[in-house]
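Hi,

Here is the structure I promised to pass on.

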Amino acid sequence: QVQLLESGGGLVQSGGSLRLSCVASGSIPSTDAMDWYRQIPGDAREWIASIEADGRTSYGALMKGRCTISRDIAENTLYLQMNNLKPEDTATYYCHTRPSMADYGAGRQGVWGRGTKVTVSS
């Protein structure tokens, strides 16, 4: 069973940068996409960015222009480079595997990591 472990969070000043990592134990199916989300306690989990199985990326409005999603398939690692961080970016950040629609139809679900906390000070 694949497991995800995020790292790279911490305390950073407003305007600073962080690179988050998500390492998978075991290989992720080559047909899976991967996503980054963030969540403030009590609020809904919000989508930040995705990278599809073919390498295409997409970004939500929350951090568009301030983050870059990438992956190293050989190392089973997903990254989120975040720049120009703001206090409102303070949250727990999660990585996620997203199976193909065919795999969802066959009963396989995506996997969530435990999250890494990011705190941005004013």
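A quick definition before the sheet: two strands count as paired if DSSP finds at least two bridges between them. Strands here are DSSP runs (E, at least two residues), numbered from the N terminus, and helices are runs of H or I with at least four residues. With that in hand, S70 has Y79 in β8 as its bridge partner. β7 and β8 (residues 77-82) run antiparallel and are joined by six bridges.

Bear in mind that this is a predicted model: local features need pLDDT of at least 70, side-chain atom pairs count only at pLDDT 80 or more, and totals for chains, interfaces and linings use all residues. Residues are numbered from 1 along each chain as its sequence is written, and side-chain values use heavy atoms, with hydrogens and water left out.

The open sheet has four strands in the order β1-β3-β8-β7, with antiparallel pairing. Its edge strands, β1 (3-7) and β7 (67-72), each pair on one side only.

Now the aromatics. Rings of Phe, Tyr and Trp (its six-membered ring) pair if their centres lie within 6.5 Å; planes under 30 degrees apart count as stacked, over 60 as edge-to-face and the rest as tilted. The whole structure has two such pairs. Y37 and W112 are edge-to-face because their planes sit at 65°, with ring centres 5.1 Å apart. Y94 and W112 are edge-to-face too, at 6.5 Å centre to centre and 85° between the planes. Together, Y37, Y94 and W112 make one aromatic cluster.

Cheers
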